[in-house]
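Open the model in a viewer and have the selection panel ready. The stops below go from ring pairs to a single side chain.

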Amino acid sequence: MSATDVIVIVIVVVVVAVLAALAIRVMQRRKLRDRFGDEYQRVVDEKGGRSAAEAELRRREKVHATLELRDLSDADRVRFRDGWVAVQTLFVDDPVAAVRDGDRLVTDLVAARGYPVSDYEDRLAQLSVEHANVLNHYRDAHDISTRNDAGKATTEELRQALVHYRELFTDLLGERPIADGSTNDGIPSAATEPSAPVAGTPVAPVAEAPVTTDADRDAERVVPAGLDDSDLAASDLAEPDRGKRVNETIPADAARTTDEPVNGAPVADSVQAGTRGSTPRRDSSAPRTDADEA
């Protein structure tokens, strides 16, 4: 084998080794990205480069492997679920206290799963290995909780803090603490929550409008003396604006004096002082005077 052949072989081996190293590094980087998600880029920005960031993430993995993580017992699950229901219910009356209780409850759940809780940054680092997808929720909730302790958080921010806390709480618990089946966050705004009626307070009944039936309307119809139902025109019933309304009393001096219309005129054309075109009749019972005889 000539010296040239040796040199070629060495070059090939070096190239293969370099390519293999690059392939392994790419695979490791992809694995870290898949495992840490958005946390990967956040650490890259924090450390100022990929190499330093990947070294930090691998360190977290090594420490995480030494933790004695444990699953929750059924009793613990019930206890934490009930605790979260109490926190979410408290928010309506006291958002400040609800966020403080929520922060403590989440910390207790983190400890129950076996994660360190003495240092906040160390807690974040270890949680990022298996719960990186909700880690930003935890950061946002913690920031609002800090402002809450300083009295600088608004009610809406406190509501958002509970929403963020619940994301980590759900991930650690392995189930949603309140399965309400809705698509919203389920945490009402304390400023807009309607007040519930006090137990035992009587509620005034709502008056119901009277219902008018056809029988009631028939009973209200007023038929003048000397007329029967057949004399009432159907058009007057269908169109109250034409002629007289059927429920209005017809004046006595406008009543018909005969059973039939005069000269074919309709009922409405009856003479108002006796029958049209005829001489007024004298009451036979009235006393006669000399002037009358003349």
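This predicted model holds 4 aromatic pairs.

Phe80 belongs to helix 4 (residues 74-93) and Phe169 to helix 8 (residues 155-173). The two residues are 89 residues apart, so the pair, by the definition of helices used here, links distant parts of the chain.

Colour by accessible area next. Are Phe80 and Phe169 buried or exposed? Phe80 is buried, with a relative accessible area of 1%. Phe169 is buried as well, at 0%.

Ring pairs join Trp84, Phe80 and Phe169 in a cluster.

Keep Phe80 in view and select Arg79. The charged end of Arg79 sits over the ring of Phe80, 4.4 Å from the ring centre.

For the last stop, move to Thr107 in helix 5 (residues 95-112). Thr107 has a relative accessible area of 18%, and it is classed as buried because the limit is under 20%. Which residues does Thr107 contact, leaving aside its neighbours within four places in sequence? Select Val117, Arg123 and Tyr138 to show these contacts.

Technical notes:
Residues numbered from 1 in each chain as written. Predicted model: local features only at pLDDT ≥ 70, side-chain atom pairs only at ≥ 80, totals over all residues. Heavy atoms only, no water. Phe/Tyr/Trp six-rings, centres within 6.5 Å; stacked < 30°, edge-to-face > 60°. Helix = DSSP H or I, 4+ residues; strand = E, 2+ residues; numbered from the N terminus. Buried < 20%, exposed > 50% of the residue type's maximum accessible area, 1.4 Å probe, protein only. Lys NZ or Arg CZ within 6 Å of the ring centre and 35° of its normal. Contact = heavy atoms within 4.5 Å.
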